[in-house]
Amino acid sequence: DYMDVFLIVLLGLAGAALGFGIQDISQSLTLYKCRKKNLTLSPEPRFTSAYLKLGLCLLNGAAWGLSGLLTGHLTAAVLISLLFSTAVLIAIIDIRIRIVPNELLLVMLILGIAFQATQFGLTAILVAALCIIGMMVVFTFVAGMVGFDKVGAGDVKLAGAMGLALGYPNIISALIIMCAGFLLFSVIGLLIRKLTLKSMLPFAPFMMTGMVVALAS
């Protein structure tokens, strides 16, 4: 089915409106998590700049409109769009304070269940549940290998939420894209000497990139 142009434009405008508030939502959640963990949040202009607010507005609007164009189905487009916006929020907060908020994980789980049920049927939720277990086992194993100070509990839980949102076989595509993105970023960072072999990188942005690209494919 082809979605009406009016609905695609409407989706894009709704996404732009939400995107305009993503910066404020991320700031509020970041402050909340810092208060809960007794952390001091250093002022960082790049996270509060008008340029970022405008960029997120345009990015989110484009993503929402594109989801309508690619899926041609309103329910799927809305759920994929909300998953995209949630992924952006998780990535921003993890980059800033190295925390993946449980509140956003819960949102992703709810959206994932709705997406699997509406697009693939209730049986797909059972398959996706197996993906949760598989992803959490894999990430727990990796954390045990490299240390939980490098791959935290938030990353493990996020991996499980990804498994539910994507199901099989999309989770495989997401893992490949995630690993390729992380490897490419690391190699370029090492070559231009912005990174060292001891550098610590937030992993959620790469995970969310893999998820978003898998959803769009």
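Leaving aside its neighbours within four places in sequence, with which residues is Ser81 in contact? In the predicted model examined here, Ser81 is in contact with Trp64 and Ser67, contact being defined as heavy atoms within 4.5 Å. Residues are numbered from 1 along each chain as its sequence is written, and side-chain values use heavy atoms, with hydrogens and water left out. Because the model is predicted, local features need pLDDT of at least 70 and side-chain atom pairs count only at pLDDT 80 or more, whereas totals for chains, interfaces and linings use all residues.

Ser81 is placed in helix α4; helices (H or I, at least four residues) are DSSP runs, numbered from the N terminus. With a relative accessibility of 1%, Ser81 counts as buried, a class that takes in residues under 20% relative accessible area, while exposed means over 50% and partly exposed lies in between (1.4 Å probe, protein chains only). The C-alpha atoms of Ser81 and Gly15 are 7.7 Å apart in space, although the two are 66 residues apart in sequence.

Helix α4 covers residues 74-97 and has 24 residues. From its first C-alpha to its last, α4 reaches 35 Å, close to the 34 Å expected at 1.5 Å a residue; the expected span is 1.5 Å times one less than the number of residues in the helix. Of the 24 residues of α4, 19 are buried, so the helix is largely enclosed by the rest of the structure. Arg98 follows α4 and has a positive phi, near 60°.

The buried residues of α9 are Ala204, Pro205, Phe206, Met207, Met208, Gly210, Met211, Ala214 and Leu215. These buried residues pack against α4, α5, α6 (122-146), α7 (153-166) and α8.

A search of the whole structure finds three salt bridges, each defined as a side-chain nitrogen of Lys or Arg within 4 Å of a carboxyl oxygen of Asp or Glu. In one of them, the side chains of Asp24 and Lys53 meet at 2.9 Å, N to O. This pair links distant parts of the chain, with Asp24 in helix α1 (residues 5-36) and Lys53 in helix α3, 29 residues apart. Helix α3 itself spans residues 50-71. Asp24 counts as partly exposed at 43% relative accessibility, whereas Lys53 counts as buried at 15%. The side chains of Lys53 and Asp24 are also joined by a polar contact of 2.9 Å; such a contact is a pair of N or O atoms within 3.5 Å, where within protein one must be able to donate a hydrogen and the other to accept it, and residues adjacent in sequence count only if both atoms are side-chain atoms. Beyond its neighbours within four places in sequence, Lys53 is in contact with Gly19, Phe20, Gln23 and Asp24.

Another salt bridge is formed by the side chains of Lys33 and Glu103, at 3.4 Å, N to O. Here too the pair links distant parts of the chain, Lys33 being in helix α1 and Glu103 in helix α5 (residues 102-120), 70 residues apart. Lys33 is buried, with a relative accessible area of 6%, and Glu103 is partly exposed, with 29%. Arg46 forms a salt bridge with Glu44, and the closest N and O atoms of this pair are 3.3 Å apart. Arg46 is exposed, with a relative accessible area of 54%, while Glu44 is partly exposed, with 23%.

Helix α3 also holds Leu59, which is partly exposed, with a relative accessible area of 43%. The C-alpha atoms of Leu59 and Thr71 are separated by 18 Å, and the two residues are twelve residues apart along the chain.

On the surface, Leu183, Leu184, Val187, Ile188, Leu191 and Ile192 form a nonpolar patch with about 600 Å² of accessible area together. Patches are made of residues with over 30% relative accessible area and no salt bridge, with like charges joined within 9 Å and nonpolar side chains (Val, Leu, Ile, Met, Phe, Trp, Tyr) within 5 Å. Accessible areas come from the Shrake-Rupley method with a 1.4 Å probe; for residues, only the protein chains shown count as cover.

Conventions. Helices (H or I, at least four residues) and strands (E, at least two) are DSSP runs, numbered from the N terminus.
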